[in-house]
Amino acid sequence: MTVDDAALIEQSWRRPDVFAVLYDRYFDEIYRYLAGRLGPHIADDLAAETFLVAFRKRRTYDAARGAVRPWLYGIATKLLAQHRRSETRRLAAFQRAPVDVLADDGPEDRVTTRVAAANAQGRLASALERLSHGDRDVLLLIALADLSYEEVAQVLDIPFGTVGSRLNRARKKLRAALGGTNPMIGGSDG
């Protein structure tokens, strides 16, 4: 039987090594979320720092407030906020970066695909950069961390309805920046 997260935190008050179970459960997904936002090099440090902060604040964790997972994302998002300038620089670099294409078609199809992808990539990065911090946080917590609306509300300490309105606003802005198309759908289906 798996011990629930809140019980593990409480046990770690007496036996600090128990906290390692939470680290093992959630480190990979916290890392993926941070890497998607800031790149892998910074994510290594921030993911480790997230768990260090959580360990240090484990006595202040309120089990009545909800699960440990959103609490960890909240810590990670606060640490991420301290690195917003790095994120902005990364989005600008993403906008200029070449696109890797894995097409097996002929050379003319690869060129067409590469040009279209580069164009969409630049517009997407630019649009992400123009989103408010709040809208970007909601969008990326859902898209990269795969959190539910309820979990995002807990992470950012905002009302549930605000999550939906911020996500809707962010999606509209991104769609408009991409000319009303979905870059995840190929061809003319967009």
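1. In helix α4, the residues Val68, Arg69, Pro70, Trp71, Leu72, Tyr73, Gly74, Ile75, Ala76, Thr77, Leu79 and Leu80 are buried. Buried means under 20% relative accessible area, exposed means over 50%, and partly exposed lies in between, with a 1.4 Å probe and protein chains only. That makes 12 of the 14 residues of α4 buried, and the helix is mostly covered.

2. The model is predicted, so local features need pLDDT of at least 70 and side-chain atom pairs count only at pLDDT 80 or more, while totals for chains, interfaces and linings use all residues. Residues are numbered from 1 along each chain as its sequence is written, and side-chain values use heavy atoms, with hydrogens and water left out.

3. The chain has 9 helices and 0 strands. Helices (H or I, at least four residues) and strands (E, at least two) are DSSP runs, numbered from the N terminus. Of the 190 residues in the chain, 38% are buried. The accessible surface is about 10900 Å², and carbon and sulfur atoms hold 54% of it; such areas come from the Shrake-Rupley method with a 1.4 Å probe, and for residues only the protein chains shown count as cover.

4. Helix α4 covers residues 68-81 and spans 20 Å from its first C-alpha to its last, close to the 20 Å expected at 1.5 Å a residue. The expected span is 1.5 Å times one less than the number of residues.

5. Helix α8 (residues 149-156) packs against helix α9 (residues 160-177) at about 100 degrees, with the axes 8 Å apart. Axes are lines fitted to C-alpha atoms, for helices over the stretch in contact, and angles run from 0 to 180 degrees between N-to-C directions. The two helices are therefore roughly perpendicular, a label for angles of 65 to 115 degrees; under 35 is roughly parallel, over 145 roughly antiparallel, and the rest oblique.

6. On the α8 side, the contact (heavy atoms within 4.5 Å) is made by Tyr149, Glu150, Val152, Ala153 and Leu156. On the α9 side, Phe160, Val163, Gly164, Arg166, Leu167 and Arg171 take part. These residues divide into 7 nonpolar, 1 polar and 3 charged. Ala, Val, Leu, Ile, Met, Phe, Trp, Tyr, Cys and Pro count as nonpolar, Asp, Glu, Lys and Arg as charged, and the others, Gly among them, as polar.

7. Trp13 sits in helix α1 (residues 5-14) and is partly exposed, with a relative accessible area of 30%. Leaving aside neighbours within four places in sequence, Trp13 is in contact with Arg58 and Arg59. The C-alpha atoms of Trp13 and Arg59 are 7.0 Å apart, although 46 residues separate the two along the chain.
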